[in-house]
Amino acid sequence: MAKVNVYVTLKPALLDAQGKVVQGALENLGFDSIESVRMGKFIEIEVNGGNGTLEQDVDEMCRKLLANPNIENYRYEIVKDGE
Amino acid sequence: MSITNTEPIDPKVYQEMGLSDEEYGKITEVLGRHPTYTEVGMFAVMWSEHCGYKYSRPILRYFSKYKEAIDGAGLENAGIIDIGGGYGVCFKIESHNHPSAVEPFQGAATGVGGILRDIFTMGARPIACLNSLRFGSLSDARNRYLFEHVVGGIGFYGNCVGVPTVAGEVYFEECYAGNPLLNAMAIGIMKHEDVAYARAEGIGNPVLLVGSRTGRDGIHGATFASVELTEESESRKSNVQMGDPFTEKLLIEATLEALKTGYITGIQDMGAAGITCSTCETSAKAGTGMKVDVRKVPLRETGMTPYEIMLSESQERMLAIVEKGHENDVAAVFKKWGLHAVVVGEVTDDGLVHVYDGDELVAQVPAKTLADDAPTYQLKTSEPAYLKDVQNYDLSKIKEPTDYTEALMKVLGSESIASKEWVYGQYDHMVQTNTAVLPGSDAAVLRIRETTKGIAATTDCNGRYCYLDPFMGAQIAVAEAARNLACSGARPIGATDCLNFGNPEKPEAFWQFERAVKGMAEACDFFHAPVVSGNVSFYNETPEMAIYPTPVVGLLGIIGDVEKRCTSEFKNQGDFVILISGTRVNDEEKSEPVCELESLGGSEYLNTIHGLAVGRPPKLDLDREKKVHEVVIRAIEAGLLSSAHDCADGGLAIALAESCIMGKVGAEISLLANCAPAAALFAETQSRIVVSLPTDKLGALREIVDELGVESTVLGKVSGNKLNISVNDVSLVSAPVAEMELTWRTSIGSKMDE
Amino acid sequence: MKFGVVIFPGSNCDQDAFCAVRDVLGQPVEYIWHQSTDVSGFDCIVLPGGFSYGDYLRTGAVARFSPVMNAVQDFADNGGRLIGICNGFQILCEAHLLPGALIDNNGLRFICKHVNLRVENNNTDFTNLCSEGQVLSIPIAHHGGNYYADADTLKKIEDNNQVILRYCDSAGKVTPEANPNGSLNNIAGIINDRGNVAGMMPHPERAVESILGSEDGTLILQSIVERLMA
């Protein structure tokens, strides 16, 4: 069993409207040293059996479905069982 | 197999679930033994006010259809009204106040989901949603948060399921700050032969659970709705269910398609009290029993107990009773739509609901006792002490404004009067392409395909009126709703009500409840709009304050020829502006206009300009009210009118301003008054409708007016781009339409986008 | 001539599109189930609005992997006319049948209202009954209609006249105030470079009868018929 954490964020070139709203809200709460806030998605995947192609597979999952390369960047980490 | 040797339940346990010692005693009596833990949970939820109407039932008998139903054939099917051409409509309004107060987005979303299931479970396709909302003032950040998220939740759910949200109302008053109200209404349409029944017919027929998996969400939501909100409610967030509108959309399509197979003998949605409610109610209605095994229920979480499974209020689930041997045919339809349909039990002949956990019997209770025999209580009533003081307030000591135009602008920009575009702009109000009058007019109108007819729908209630006089306030709610329909050209055919009140165990709150229900029932009978469905929401109070009594009515009407529908905005320069009214306004012969000072009672003007909620609500003569409607409806049918708009909150001046703003034209108006001019402008005198029409059609209108014996007064003409109003020949209001529009249209949005 | 309207789980404007084609255009039309793998016999396919797969993950992201989409891709590759409306437009972008992407409205709220659209290119399969610069009144109803493309792509579609509709004011002026959702260059509708695939956020099927407040959407749908009959 392996766990994969995938992080998807809007590309820096795009206006992140949600991030902007959250930044404003945080500033209203008195956190005045905020440089920027970017919102994204966090996806947890549990994979049964670890064959050698896991990293390749996860990359393909991201490219095909989990992120839209036109507008989003992704990164992931594979957390092996027990780590 | 039967249950024996049960131990007494610790009083703390059943009391926490909301059962009294007396009620517990009744349960042991019925069962002939102590209940199991699962059984206590089932009784607690079914005998709560929310499901069992233990306090409201005696009062609800004022509603004639309800009385007929509980005395006779049961509530089944009472909600369908024939509209000709083989079609029936069904509609219902329901509160989701407490969940929305705790978690506004999900609370509102699941409120919409629940009311939609009530509709399509009857075999009807949902064609429209409405909602009636109340919050504290938007000047407070918490209220803005609740408002934003309630509206967001309604949109999130309604937009996704593809049912247009076409009308509703939003009020802002301090008394709703601790207890926002969300009343969601849905309308469905069906061919009469497609009506589905919530009955567990046919001994041995399999019982299927369809839709979503069951999780721990919303356990005891029904009892939650039956207690006052305290800080502890915040910590009860796990009680709030999560909505999945995508699954609901699939469930709508799958259910309607599965019903077409003809193999479903009974079906009921799962709302409050989940599997408990649907199993015992469907059995009780058919006089049968049911055996279910909780281990067969598809679960979302591990380790759930029978108690949790029976009481879960997970959303987007239905219980279907299917003709034996055809369970696979029905399941196939749900599978096509990607949904579960799992056999969890079967119909039995012994009148008992048996709940098994695998081989172990964990509950065995008479279905009818659970469903229908909730103890009812005759609660004490007493007239609230505040009433005399507020009613006897001396309105003659109200100071006149120094600048009437400024007063008009203030009332126009008040949160309750201002345009609700910020709200309905977030709702898809056009999907299904039947919306013939969009939100913003007096009532929404939907065309009925394959006929010439239209359905008009609206919701109404002025809580402040009900606070000042619950009987009259409730009557006015119905009268105003009917007036809204009349302005679109529709006559009422039926009503649904959502009765929002405080703690019924307090005699003053229960007095308000009784008076309001009586007023509403009488008015609905008068308008031939039977109350065919409804919902009671008590305990809308915090330790600091109770809400205004708020009996919301949802009213449906029919327009014979939808092409003739009318809207509220002025359309043509030069049109006459006429007031159709029950009593004389400008008496041209005697020059003795009626003084309207009394009708300032409870007005938005007093509230906004003077911060007062005093006086009595305006008088209402139902007979004259109905005649005014009839004049307007006939004039619309005859194609005489360019516009029709009801005079309600804010009075005549606001009605005129709104018709100007929406039509982007001005008007020259002159009024006569023999009392304070503010009353002539802002009094909320009932039974009045502002219409506009081409000058050559005045004669034809007057004929109808005379025939019905009401009054019509030429107030002036549509003209220019300013609203000018003179009272007794003194110019008091001069407001550019563009300025009024800015104030009215942006008042709410500007507060929300700060 | 035959139209097909695809039903994805969560589509909710499928019936509206179907009725517009059948009752207003008077053309034969059939539904296409999302699991169908064969779309032969159709002359124009409509991907309707709605919330396919609940709009979960990203709008259109899951629907583009529906079984029917392989056949739809082949249909478009063979020159078939394909139009995506609202959610359909989002799906076409996700499927790379149209350039760019649709992201959340910059106001982060769902918007439902009639908007004005300027016809930018009337020499297409989808706008040939309009005049260039004509202002159409057609409703929008979306949460994620904010058109985005990187600078190179944007330049390419602009240079290539692939923008067919832009949000404008009632006089036809393309202004920031008339842009409801933050779309780059006020883009409301585009076509692919070959010209047989169109996507638009506004709903032409909601503006096909006077009782609905506008009949301008008929011009878009009837343009397809016009071209197919030619």
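**Exercise 1.** What is the order of the strands in the open sheet of seven strands in chain B, and which are the edge strands?

*Solution.* The model examined here is a predicted one.

Step 1. Reading across the open sheet of chain B, the seven strands come in the order β20-β22-β19-β23-β21-β24-β25, and their pairing is mixed.

Step 2. An edge strand of this sheet pairs on one side only; in chain B these are β20 (643–646) and β25 (730–736).

Step 3. From one strand to the next, the twist averages 20°.

**Exercise 2.** Describe how strand β19 of chain B is joined to strand β23 of chain B.

*Solution.* Step 1. Strands of a sheet pair through backbone hydrogen bonds, in either a parallel or an antiparallel manner.

Step 2. Strand β19 (residues 576–581) and strand β23 (residues 711–718) of chain B run antiparallel and are joined by six bridges.

Step 3. As an example, B:Val577 has B:Gly716 of β23(B) as its bridge partner.

**Exercise 3.** Determine how helices α24 and α27 of chain B are oriented towards each other, and state which residues form their contact.

*Solution.* Step 1. Helix α24 (residues 622–637) and helix α27 (residues 698–708) of chain B pack at an angle of about 150°, and their axes are 9 Å apart.

Step 2. Angles over 145 degrees count as roughly antiparallel; therefore α24(B) and α27(B) are roughly antiparallel to each other.

Step 3. The crossing of these two helices, α24(B) and α27(B), is right-handed.

Step 4. On the side of α24(B), the contact is made by B:Lys627, B:Glu630, B:Val631, B:Arg634 and B:Ala635. On the side of α27(B), B:Leu701, B:Ile704, B:Val705, B:Glu707 and B:Leu708 take part.

Step 5. Sorted by class, the contact of α24(B) with α27(B) comprises six nonpolar and four charged residues, with no polar ones.

**Exercise 4.** Locate helix α18 of chain B relative to the sheet strands β24 and β25.

*Solution.* Helix α18 (residues 404–413) of chain B lies across β24 (722–727) and β25 of chain B. The helix α18(B) runs at about 45° to β25(B).

**Exercise 5.** Which chains have the most contacts, and how much area do they bury between them?

*Solution.* Step 1. Two pairs of chains touch, and the most contacts are between chains B and C. Chain A and chain B do not touch, their nearest C-alpha atoms being 11 Å apart.

Step 2. The contact of chains B and C takes 33 residues from chain B and 27 residues from chain C.

Step 3. Between them, chain C and chain B bury about 2,400 Å², of which 59% is on carbon and sulfur atoms.

Step 4. In chain C, the residues that lose the most area to chain B are C:Arg109, C:Cys112 and C:Ile211, together 29% of what that side buries.

Terms used: Residues are numbered from 1 along each chain as its sequence is written. Chains are lettered from A and ligands numbered from 1 in the order in which they are written. This is a predicted model: local features need pLDDT of at least 70, side-chain atom pairs count only at pLDDT 80 or more; totals for chains, interfaces and linings use all residues. Side-chain values use heavy atoms; hydrogens and water are left out. Axes are lines fitted to C-alpha atoms, for helices over the stretch in contact, and angles run from 0 to 180 degrees between N-to-C directions. Helices (H or I, at least four residues) and strands (E, at least two) are DSSP runs, numbered from the N terminus. Angles under 35 degrees count as roughly parallel, over 145 as roughly antiparallel, 65 to 115 as roughly perpendicular and the rest as oblique. A crossing is left-handed if the near helix is turned anticlockwise from the far one by less than a right angle, and right-handed if clockwise. Contact means heavy atoms within 4.5 Å. Ala, Val, Leu, Ile, Met, Phe, Trp, Tyr, Cys and Pro count as nonpolar, Asp, Glu, Lys and Arg as charged, and the others, Gly among them, as polar. Two strands pair if DSSP finds at least two bridges between them. Buried area is the accessible area (1.4 Å probe) that two parts lose on being put together, summed over both.
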